[in-house]
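The sequence and model come first.

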Amino acid sequence: MVSLPPFETTTPSSTTRKVRGDGYSIATDDRAIREYIETHARQLRDQGVRRIYFAIVSSTCTNPDHSTLRELRETTAVESIVFPSAELLEELMVLRLREPYLNLDDIRAVFGTRDGIFRREELNNVLPDWRAVTVDEFLEATSTPCYAFVS
């Protein structure tokens, strides 16, 4: 497992974009993203990582400019750039913990197929076909009660 520092932008304009009601927008962060990828791709390659995917996690994202994403993908070492929401990423992790047959290849098949916003309905593509249920049905059927003890 490779651990990298989180990607953060520090310019006042990008901070303003992040807290807007319509969600995060890549806008002018493409240069900072490129620098981050170029810096850390070398480190990842040195550690033996062959495929690199880049995800920007936010509560919400605006629809990204696909020409910017394509240009970043074509000129850096990443295979795709996706924007999952924090809630969707949490559901994916819960799904992974509850589904013993779900593996990295299943997750890679979804994240690595295209750039852009990763939508909740696409989680259905992660579950093995033989399950023949939706993610909602699977999560509901496998949920366990959570108890909190307060002393």
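Glu71 and Arg34 form a salt bridge, with their closest N and O atoms 2.6 Å apart. A salt bridge here is a side-chain nitrogen of Lys or Arg within 4 Å of a carboxyl oxygen of Asp or Glu. The pair links distant parts of the chain, since Glu71 lies in helix H3 (residues 66-75) and Arg34 in helix H2, 37 residues apart. Glu71 is partly exposed, at 32% relative accessibility. For such values, buried means under 20% relative accessible area, exposed over 50%, and partly exposed in between (1.4 Å probe, protein chains only).

This is a predicted model, in which local features need pLDDT of at least 70 and side-chain atom pairs count only at pLDDT 80 or more, while totals for chains, interfaces and linings use all residues. Residues are numbered from 1 along each chain as its sequence is written, and side-chain values use heavy atoms, with hydrogens and water left out.

## Other salt bridges

The structure has four salt bridges. Side chains of opposite charge can pair when their charged atoms come close. Within helix H2 (residues 30-46), Arg31 and Glu35 are four residues apart, about one helical turn. Their side chains meet in a salt bridge at 3.7 Å, N to O. Arg31 is exposed at 62% relative accessibility, whereas Glu35 is partly exposed with a relative accessible area of 43%.

Glu79 and Arg51 form another, at 4.0 Å from N to O. This pair also links distant parts of the chain: Glu79 is in strand S2 (residues 78-84), and Arg51 is in the loop between H2 and strand S1 (52-55), 28 residues away. Glu79 has a relative accessible area of 36% and is partly exposed; Arg51, at 40%, is partly exposed.

## Overall fold

The protein has six helices and three strands. In sequence order they follow the pattern α-α-β-α-β-α-α-β-α. Helices (H or I, at least four residues) and strands (E, at least two) are DSSP runs, numbered from the N terminus.

Of the contacts with a separation of 6 or more, 69% are between residues 24 or more positions apart, a contact being heavy atoms within 4.5 Å. Buried residues make up 36% of the 151 residues. The protein exposes about 9800 Å², of which carbon and sulfur atoms supply 52%; these areas come from the Shrake-Rupley method with a 1.4 Å probe, and for residues only the protein chains shown count as cover.

## Nonpolar cores

A nonpolar core is a set of buried Ala, Val, Leu, Ile, Met, Phe, Trp, Tyr and Cys residues joined through side-chain atoms within 4.5 Å. The largest has 17 residues, and those touching the most other members are Tyr24, Ile26, Ile33, Phe54, Ile81 and Phe83. At least two of its residues come from each of H2, S1, H3 and S2. H2 gives the largest share, five residues. Another core, of 14 residues, lies apart from it and includes Leu102, Ile107, Phe138 and Leu139.

## The buried face of H3

In H3 the buried residues are Thr68, Leu69 and Leu72. They line one face of the helix, because seen down the axis of H3 they fall within an arc of 100°; the arc is that of the directions from the helix axis to the C-beta atoms. The elements covering these buried residues include H2, S2 and strand S3 (116-118).
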